[in-house]
Amino acid sequence: MVATTDIGAHPPAQLKHGVLNKFEMMGQSIANIAPTMTPALNISVVAGLAGVDAWVAYLIATIGLVFVGACISVLARRHPEAGSYFVYIGRNFGPVTGALAGWAMVLAYITTAVAVVFGMPLFLSNLLVVFHITLTNTELIIITILILVLVIFAAYRDIQLSSRAALALESISVGIIVIITAIVIGKHGTVVDTIQLDTSKIKFDTVMPALVFGVFSFVGFESAATLAKESADPKKNVPFAVIGSAAVAGIFFVILSYCMIMGMNDDTSAIGNSSSPFAAMTDKAGLPGAAAVVYFAAIASAFACALACINASSRILYSLGRYQFLHRSMGLVHKTHKTPHMAVLASGAIALIVILAALPEGFLNAFGLSGTIATYGFVTVYFGVCITAPVDAFRNSAGNPLHIMLGILGAVLMGFVIYSSVSPYPAPPFNILPPIFLVYMVIGLVWFLTLKVNSPQVLISIANDMEG
C-alpha cells in the first residue's frame, strides 16, 4: 500500500536531536565494525591468502576505506540527515536511485546483525568448553533468539544508552585483545620480525586477493552517518566518526595481524587453517586460559555490532518511511524514547525471520552466508557514494581536485571488491547469494518505480524536500 499523505503530516514526536557527541558517534561506527571479530576469526582468511604480508593487505585496505570515509564526510557536511546514503545519492541522481541505496543498506545492516548474532552461540560454546560445559543445539537456538530480543530492546529504548553500551562493550573487548597480545609479544622477546618487515619480498599477487577480505573487516564503519539527526554537531561529528573509526580500526588490524603472525613464528598456515586464530596464538604462547577471555571478548563485540546494525538499519527505514518510499509508519518516532520504534521493531522482525530461515544451515554456515550477502549491500553503496561525492561537490559549486581524486580512488577500490566477490564465481552454497542480492534489488526497483507511476506527487514532494 502506497502512502499518499503529505510528507509533513507526521506526529510531532521527533528523534532526539543533539544528544550524541563525537565519541558516541564513533562508538556506533566502531561497534558496527566489531574489530574484535577480525583477530578472533577474519584474519584466518587474510593470513591464509597473503601470508606474512597480511599486515600489508590491512594497511592498503585502511588507506582505501579512509578515502571512502572522506567521500562520506564531504557529503555529510552538506546533508546532515538521518538515512544519509539515501539522501546523498538521491539528491544527485534522483529519489529512486537514492531509495535503492537505502534499500541496499537496510539489507546490509540487518544481515550483518544476523551474522554476528549467529556468531555469538559459536563463541559461547567455545567459552563454555573451557569450563567443560556443553549446551544442546536447542538451548543455543533459544539463547540466540533471546540475544536478538535484548538487542532490539536496547535499540528501541534509547539511542544514547545503546550507543554508549556499544562503545563500552567494544572498548572492553578490544582492550582484552590488546592486553593479551602484549603479553604474547612480551614472551616473544622482541617486536621486530625481519621476515614480515622485508618489504622487498612483498607479493602483491597474493596481497590483492587478501585485500578483498581485508575490506570486509571494515564494513559498517560508515554507520555513524545514519545517526546524523541525533548528533550534537553532525557536520563535524560525522566526519570525525567515519574517518576516525576507519583509521583507528585499520591501525588496530595492521598491528594485530603483524603481532599475531609474529606470535606464531611466521607460521601463517597455522593461522589460515584455524577457526579460532587468536586462541591458536595464545595456546602457542603457553596461555591456554586466555582462550576463555578471548571468547568472552568476541561475545561482547558481537553484541555491540548487532546493536549498532539495528540502530543503523532502523534509521534508514525511518528515512524511507518519512519520505514515503515505505509505509509511513516506518517514519514514526516514539513519544517517550524518541527512537524510530516501528523501524526498530521492523528491523528486528526481519532479522528474526532470516535467523529462523537460516538455522537449518547451522550456525557457522549461516554466519558466512549472511555476512557475505551483507557485504554485497555495503560495497554497492560505498561505490555509489564515491561516485556521488565529486558530483555533489560540483552541484554545490564546491568541486576541487581533492574531491575528484578521493572519489576516483574510492570507486576503483570498491569496484575491485565487487569484481573480486564474484570472480571466480563462489562455490555452493555461496553461489546462490549474488542472484538473491540481484532479486532483492530488482524488487526494490520495481516497488520504487511503481510508486513513481502511481503517486508522482509524492516523488515531486520528496525531490523538492531533498533539494531544500
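User: Which side chain meets that of Lys201 in a salt bridge?

Analyst: The general idea: a salt bridge is a side-chain nitrogen of Lys or Arg within 4 Å of a carboxyl oxygen of Asp or Glu. Here, Lys201 pairs with Asp198, at 3.9 Å from N to O. By this rule the count comes to 1 salt bridge.

User: What kind of model is this, and how are its residues numbered?

Analyst: It is a predicted model: local features need pLDDT of at least 70, side-chain atom pairs count only at pLDDT 80 or more, and totals for chains, interfaces and linings use all residues. Residues are numbered from 1 along each chain as its sequence is written, and side-chain values use heavy atoms, with hydrogens and water left out.

User: What average pLDDT does the protein have?

Analyst: pLDDT is the predictor's confidence in each residue, from 0 to 100. The protein averages 82, and 89% of the residues score at least 70. Over residues 1–12 the pLDDT is below 50. Beyond near neighbours in sequence, that stretch has 24 contacts in the model. A contact means heavy atoms within 4.5 Å.

User: Which element has the lowest mean pLDDT, and which the highest?

Analyst: Helix 17 (residues 456–467) has the lowest, 58. Helix 13 (residues 341–358) has the highest, 93.

User: How many helices and strands are there?

Analyst: Helices (H or I, at least four residues) and strands (E, at least two) are DSSP runs, numbered from the N terminus. This protein has 17 helices and 0 strands.

User: How long is helix 9, from its first C-alpha to its last?

Analyst: The expected span of a helix is 1.5 Å times one less than its number of residues. Helix 9 (residues 234–263) has 30 residues. Its C-alpha atoms reach 41 Å from first to last, close to the 44 Å expected. Of its 30 residues, 22 are buried, so helix 9 is largely enclosed by the rest of the structure.

User: What backbone angles come after helix 9?

Analyst: Look at phi. Just after helix 9, Asn265 takes a positive phi of about 55°. Asp266 has a phi near 65°, positive in a residue other than glycine. Asp266 sits in the loop between helix 9 and helix 10 (268–272).

Another case is Ala34, with phi near 55°. Ala34 lies in the loop between helix 1 and helix 2 (37–50). At 2% relative accessibility, Ala34 is buried.

User: Where is there a cis peptide bond?

Analyst: Look at omega. The bond from Pro428 to Pro429 is cis, with omega near 0°. Pro429 is in the loop between helix 15 and helix 16 (433–454).

User: What does Tyr295 touch?

Analyst: Set aside residues up to four places away in sequence. Tyr295 then touches Phe123, Asn126, Leu127, Ser276 and Ala279. Tyr295 lies in helix 12 and is buried, at 10% relative accessible area.

User: What share of the contacts joins residues 24 or more positions apart?

Analyst: The share is 84% of the contacts with a separation of 6 or more. Ala31 belongs to helix 1 (residues 22–33) and is buried, at 0% relative accessible area.

User: Which residues make the nonpolar surface patch?

Analyst: Patches use residues with over 30% relative accessible area and no salt bridge: like charges are joined within 9 Å, nonpolar side chains (Val, Leu, Ile, Met, Phe, Trp, Tyr) within 5 Å. Areas come from the Shrake-Rupley method with a 1.4 Å probe; for residues, only the protein chains shown count as cover. Here, Phe394, Ile404, Ile408 and Val412 make a patch of about 380 Å². Helix 15 (residues 401–422) gives its largest share, 3 residues. Val412 lies in helix 15 and is exposed, at 55%.

Key
Buried means under 20% relative accessible area, exposed over 50%, partly exposed in between (1.4 Å probe, protein chains only).
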